[in-house]
Amino acid sequence: MILAVPCIAVASSGWGQHPQLEAWSAWKAAHLTDVGRVIDDGHNQISHSEGQAYGLLLAQAFGDREAFRHIEAWTHNTLAVRPDGLMAWKWQGNEADLKNATDGDLLRAWALLRATRDSGWHEQKGKAAQISRGLVDNCLAPDPRVPTELLLKPASNMTVTDQSVVVNPSYYMIRALIELGEAFGQVDLLRTAAHGEQLLRDPEALRDWIDVTPSGIQAATDLSGAFGWDALRIPLYLFWSGRHDHPALKAASTRFASATLAEHVATVTAPSGQLIAQSDAAGFRAVADLAAGRSPAQPRPSHGYYADTLALLAQIAWREGI
């Protein structure tokens with residue numbers, strides 16, 4: 001298994017008066033309420049587990065303990081209401097959808113681990129271990145091609161069989177899986193990280209959603225088979241994990257570069273490579289820069305929750321992944 005991650009300085013130190021601190025302040029002003037709720041303005045002002053986890057990662061990386069406390073308090077009180085340690089995936093209209101989204105849980109656990117281990121913020125100690133157990137118990141499934149290996153299910157309630165496991169490849173944050181597995185002795189998370197890294201080497205895995213079957217990888221029925229809004233995070237996470245020579249980075253870079261407008265990147269491409277959508281938002285350009293091995297574009301807030309968040313995450317990935 002490939003388990004190494006690069007050595008880095010403590011994430012919450014060293015930003016000083018860096019310009020990205022201004023971008024972080026702008027992100028908070030645009031997307032974070034006073035009570036710690038991260039709002040997705042691209043999806044009817046909902047809040048979801050992914051957004052809360054991203055908020056925690058950003059607050060920890062920028063050394064913003066107050067924001068971290070508020071985000072985690074709202075998350076704990078509103079979304080972390082399941083008995084298995086995982087979160088309800090969505091909050092809308094003062095109501096939680098109790099299904100989970102595995103990436104949100106994985107990234108929240110990692111943010112909590114980083115806060116305790118790297119920043120010395122011990123208020124949340126013990127939560128990351130509980131979430132990690134919940135992931136192992138509820139969100140892993142045997143790979144139909146190699147039943148001794150484990151795949152990351154997108155949600156605990158997803159039906160799996162020995163003939164089919166639906167997977168969202170962008171949920172594989174290799175570094176998070178490894179660091180949580182090592183911190184809490186969860187060997188299955190380490191196995192999932194190693195197998196996921198191999199999964200992403202298959203060109204057919206560069207989609208928003210795939211179906212893993214005994215005969216190989218294919219598009220998932222009734223779900224996006226494009227390299228699109230989900231899949232564009234694959235190179236972000238691989239770079240952040242120090243996997244600079246992973247073939248998915250080069251493949252993603254080729255996709256991004258198919259934009260036809262100046263200073264745009266392709267954000268959605270068909271499996272054939274045909275351009276479907278493109279954008280000049282700094283966040284998408286920043287991820288494209290990482291895929292190409294370049295320092296990411298500087299954050300320019302006001303492109304919406306998703307692009308603004310990716311812009312800041314890319315800065316952290318560059319800082320920690322090189």
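Q: Before we start, what counts as a contact here?
A: Contact means heavy atoms within 4.5 Å. The model is a predicted one.

Q: Fine. Which residues does Ala314 touch, leaving out those up to four places away in sequence?
A: Ala314 touches Leu236, Ala286, Leu290 and Pro296.

Q: And where does Ala314 sit?
A: Ala314 is in helix H11.

Q: Buried or exposed?
A: Ala314 is buried: its relative accessible area is 0%, and buried means under 20%.

Q: How far is Ala314 from Pro299?
A: The two are 9.1 Å apart in space, C-alpha to C-alpha, and 15 residues apart in sequence.

Q: On to pockets. What is the volume of the largest one?
A: The largest pocket has a volume of about 820 Å³.

Q: How many residues line the largest pocket, and which lie nearest its centre?
A: The lining has 29 residues, and those nearest the centre are His43, Glu50, Trp89, Tyr171 and Asp230.

Q: How does the pocket lining divide by residue type?
A: The lining of the largest pocket has 14 nonpolar residues, eight polar and seven charged.

Q: What about cavities: how many of 30 Å³ or more?
A: The structure holds one cavity of 30 Å³ or more. The largest cavity has a volume of about 50 Å³.

Q: Which residues line the largest cavity?
A: Its lining consists of Ala23, Trp27, His31, Pro299, Arg300, Pro301, Asp308, Ala311 and Leu312. In that lining, six residues are nonpolar, one is polar and two are charged.

Q: Which helices supply at least two residues each to the cavity lining?
A: Helix H1, residues 19–31, and H11 each supply at least two.

Q: Switching to H9. Which of its residues are buried?
A: In helix H9, residues 247–256, the buried ones are Ala248, Leu249, Ala252, Arg255 and Phe256.

Q: Why do they line one face of the helix?
A: Seen down the axis of H9, the buried residues fall within an arc of 120°, so they line one face.

Q: What covers the buried residues of H9?
A: The cover includes helix H8 (233–240), strand S9 (265–269) and helix H10 (282–291).

Q: And which exposed residues are on the face turned away?
A: The face of H9 turned away from its buried side carries the exposed residues Lys250 and Thr254.

Q: Now strands. What is the order in the open sheet of three?
A: The order is S1-S2-S3, and the pairing is antiparallel. Strand S1 (47–48) and strand S3 (95–97) are the edge strands, each pairing on one side only.

Q: How many bridges join S2 to S3?
A: Three bridges join strand S2, residues 90–92, to S3. The partner of Lys90 in S3 is Asp97.

Q: What about S4 and S5, parallel or antiparallel?
A: Strand S4 (residues 140–143) and strand S5 (residues 146–152) pair in the antiparallel sense over four bridges.

Q: What joins S4 to S5?
A: A hairpin does, through two residues.

Q: Last one: which residue in S5 stands opposite Pro142?
A: Leu150 stands opposite Pro142.

Notes:
Residues numbered from 1 in each chain as written. Predicted model: local features only at pLDDT ≥ 70, side-chain atom pairs only at ≥ 80, totals over all residues. Heavy atoms only, no water. 1 Å grid on protein atoms, 1.4 Å probe; cavity = no way out; pocket = protein on both sides within 12 Å on 5 of 7 lines; lining within 4 Å. Points joined across faces, edges and corners; volume = space filled by probe spheres on them. Nonpolar A, V, L, I, M, F, W, Y, C, P; charged D, E, K, R; others polar. Pairing = 2+ DSSP bridges. Buried < 20%, exposed > 50% of the residue type's maximum accessible area, 1.4 Å probe, protein only. Arc of directions from axis to C-beta.
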